[in-house]
Amino acid sequence: MAILVRNNAWNSGGDFSNTDLLWYAKGVGKMMARDLNDPASWWFFAAIHGEYVNPQDPWYPSPPTFPAWGNISNPPTVPTTPLPDAQTQLRYWNQCQHGSWYFLPWHRGYLYALEAQLRADILSLGGPANWALPYWNYFGGAKGVQAQMPPAFAQKTLPDGSANPLYVAMRYGPDGDGNVYIPTVEWAQTHPDDPNWSSGDVSSACMANDLYTGSDRTTPLPGFGGPETAFSHSGRVHGNMESNPHDLVHVYTGGFISDTNYGLMADPGTAALDPIFYLHHCNIDRMWAAWNAAGRTNPSDKKWLQGPVRQFIMPMPQHESWAYTPADVNSIASLDYSYQELDAASLPAPSALAERLKTLKVSGSLPDSAPQAHRAAAELMGASAAPVQLKGAGAATASVRMDAGEQKALSSSLRAASVNALPDQVYLQLDQVKGVLDAAVVGVYVDLPANPTPEQLRASHAGDVGLFGLRRASAAHGEHGGEGLSFVLDVSHLIDRLHQQGRLTEGSVQVTLKPRRALPQSCQIEVGQLSLYRQPH
Amino acid sequence: MIPDAHDFARVRYGVLGTALLAWVLLLNGHAQAGADGLQALLAVCSSSGRPWFQGRWWAWLELRGGLPGMALGPTMILAMMAPLALPALDKVWRSSLRRRRLRGVLLCFGAYVGVWLLAGAVMELALLLWTTAAGDLKGWAPAACSLVVAWIWQCSPLKQHSLNQCQRHPPLAVFGWRAEWDAVRLGLSHGMGCVGSCWALMMATLLLPQGHLAGMALATLLVFAERLEPPRRPAWRWRTMGWPRLLRPWLQRQLRLGVHALLDGLSNWAGRARAGRTLGLRRGG
């Protein structure tokens with residue numbers, strides 16, 4: 001079978017001069033014309049990822065308001081009937097894997113199936129037999145210019161004057177004003193005067209990881225691809241690639257106006273209704289393929305290769321279905337497709353550990369080492385005493401108390417650090433994060449002074465967490481009993497600084513949480529607990 | 001933090017080993033006491049021949065087969081319900097300082113088992129009162145009635161609510177007496193969710209006039225299979241008592257993984273043996 005090539009959506013300026021996008025629009029239009037219960041319909045495919053159309057689901061809003069599908073502003077006009085029978089829903093719908101090592105392979109199969117359906121429809125409309133899904137490389141272009149959404153998605157009509165199926169009303173962007181771009185590091189550098197962004201959140205730093213699951217000296221927990229789990233529709237801790245850029249691109253593309261009016265892309269139960277979703281995931285898949293092309297390997301563990309107990313299954317054209325495992329989608333070559341850009345040489349060089357050793361005044365160069373997961377578990381050092389509430393634009397600071405014994409062990413490791421005795425890794429966990437506004441992003445800071453300057457913000461910045469999946473994870477009768485989301489951030493470099501200042505012995509660490517944009521008045525996000533963990537090498 | 005399968009292995013195997021030991025004791029009691037022996041022992045727990053009704057309360061201590069009568073109830077609970085405590089124990093393990101971890105796990109487990117012992121005592125009392133009012137309950141009729149009640153309960157929203165509660169584990173305090181108290185509280189709430197979910201099935205097994213062990217084994221399988229299903233909104237729902245949809249694929253998957261692990265192990269052993277022989281030849285040469 002000929003190798004199909006997925007091309008950059010920004011080719012030919014990213015508008016409908018790019019025939020990949022024009023045919024994509026036509027194919028989407030044909031799929032949108034089908035009924036909700038037709039496995040070849042746009043809506044059915046969206047529900048495979050996640051849906052708010054069945055009132056029996058534990059996450060369905062009660063009383064029915066957005067994001068229930070019947071409350072979505074058009075375009076598109078989203079149907080809510082006829083529902084497929086219960087068995088079909090149980091088999092196909094709400095399958096998407098998040099917070100799991102299955103995140104990448106499940107989405108690869110999902111894209112493959114959708115692409116097959118689109119290609120069949122495009123062919124029936126007179127389009128090319130070698131059409132393939134384009135990708136949106138928000139890291140691409142000179143000075144990060146491709147961080148902007150391709151213009152074809154912002155146009156309300158196609159060149160022939162008919163309605164553009166790629167245009168969606170509920171897509172608000174990071175500033176909530178309809179201008180959709182991704183605040184990457186490069187983008188922020190080229191917009192120094194934008195008051196919203198002192199630094200770019202979204203990065204491809206995860207590509208420096210060398211371990212799919214677990215951690216080693218180059219890869220922080222929980223690994224590039226995510227933690228080992230069972231079938232995980234609403235997982236807890238997201239993998240490094242999933243956290244950034246995946247989650248952040250979702251919530252920044254969607255954006256919000258209010259807690260009952262946020263972009264489709266921001267919530268897993270509406271995201272796949274937006275055609276930009278598949279271009280985003282095509283880029284995630286491309287990044288995974290590039291990571292493999294650079295010599296990084298996927299797990300050989302049979303538990304990963306065979307997939308979870310509940311199988312992954314997709315509808316295919318001609319009323320067929322395809323049950324697959326991660327072993328079946330382990331490489332893009334096995335699926336007969338490739339990407340226009342798959343440049344392994346562009347992967348960032350790992351430098352976090354080298355920076356740490358410089359901070360700790362350790363001399364010498366690191367010996368080479370092959371990727372190998374740590375055997376030592378991460379030990380709890382301490383935690384906050386009470387939940388933290390986030391409201392409005394205000395920051396909230398919590399004190400994370402450290403156990404004296406664990407703090408001594410950490411200090412000892414940092415003092416004795418050398419190129420042959422690497423310092424402990426330190427992680428901050430935000431646990432049981434609950435709320436209903438998936439479109440929010442929360443900045444996390446360690447030891448942030450009051451009234452910080454932009455430089456102080458950058459110096460204390462631990463990371464940003466996009467709350468993609470928050471509503472479903474917080475549903476009282478949903479998966480994990482409504483325990484909300486969990487996030488793990490590597491704060492080793494910030495703890496090193498405290499150690500060098502002699503302040504680690506204070507017995508606690510101050511953690512500040514600040515929403516990137518002011519939350520709507522009626523909206524509150526709760527962080528159940530902040531805890532610190534140390535992991536010896 | 002992210003669950004570490006290796007780190008928690010000691011606790012997991014400890015709990016599963018305890019459950020296995022409990023099953024062995026029950027089966028040993030059955031074997032030593034003869035085919036009817038354990039039936040007679042379990043009849044002490046079931047509706048027929050209530051010894052204290054007949055003034056023979058000391059019959060609880062008279063056992064053939066070496067199994068202390070007072071320990072029969074806890075043994076049954078450990079056999080059937082101990083593995084269901086693992087999610088709560090895992091939460092305590094991950095959320096505790098290393099020096100307090102084992103203490104937290106034991107407190108949580110103790111609270112969980114305590115809830116079940118209390119529930120067992122309440123069920124026994126209920127049967128005693130029923131027997132006092134209605135006379136001895138012989139034959140299959142009481143068991144059949146209890147199975148109908150159990151099935152109605154299985155389909156009820158309260159059943160789903162209890163099942164969902166088993167998945168709910170709030171943050172735990174890390175320092176001071178609150179850390180121990182939160183571990184106990186988790187064990188209590190997890191136990192109450194478990195009792196709420198499974199009490200009807202337990203009652204049905206108690207009322208079986210014969211085939212207790214088989215009934216216990218089936219109930220254990222069903223209860224385990226239910227935990228493979230994701231949580232759902234509490235509602236009246238048709239829920240069969242038969243072969244849950246995920247149990248067969250789960251067993252097939254475990255079998256495949258087990259076979260692969262065995263083949264990998266054999267392959268590694270063969271490789272080491274070949275290396276050893278080669279080394280021997282070199283030494284000899």
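**View 1. B:Ile152 on helix α6 of chain B, in a predicted model.** B:Ile152 is partly exposed at a relative accessible area of 42%, where partly exposed lies between buried (under 20%) and exposed (over 50%), with a 1.4 Å probe and protein chains only. The residue belongs to helix α6 of chain B, residues 141–155, helices being DSSP runs of H or I with at least four residues, numbered from the N terminus. This is a predicted model in which local features need pLDDT of at least 70 and side-chain atom pairs count only at pLDDT 80 or more, whereas totals for chains, interfaces and linings use all residues. Residues are numbered from 1 along each chain as its sequence is written, and side-chain values use heavy atoms, without hydrogens and water.

**View 2. A nonpolar surface patch on chain B.**

**View 3. The interface of chain B and chain A.** About 3,400 Å² is buried between the two chains, 54% of it from carbon and sulfur atoms, buried area being the accessible area (1.4 Å probe) lost on being put together, summed over both parts. Chain B brings 36 residues to the contact and chain A 47, with contact meaning heavy atoms within 4.5 Å.

**View 4. Salt bridges between chain B and chain A.** Four salt bridges cross this interface, each a side-chain nitrogen of Lys or Arg within 4 Å of a carboxyl oxygen of Asp or Glu. B:Arg98 pairs with A:Glu406 in a salt bridge, their closest N and O atoms lying 3.5 Å apart.

How values were computed: Chains are lettered from A and ligands numbered from 1 in the order in which they are written. Patches are made of residues with over 30% relative accessible area and no salt bridge: like charges are joined within 9 Å, nonpolar side chains (Val, Leu, Ile, Met, Phe, Trp, Tyr) within 5 Å. Accessible areas come from the Shrake-Rupley method with a 1.4 Å probe; for residues, only the protein chains shown count as cover. Helices (H or I, at least four residues) and strands (E, at least two) are DSSP runs, numbered from the N terminus.
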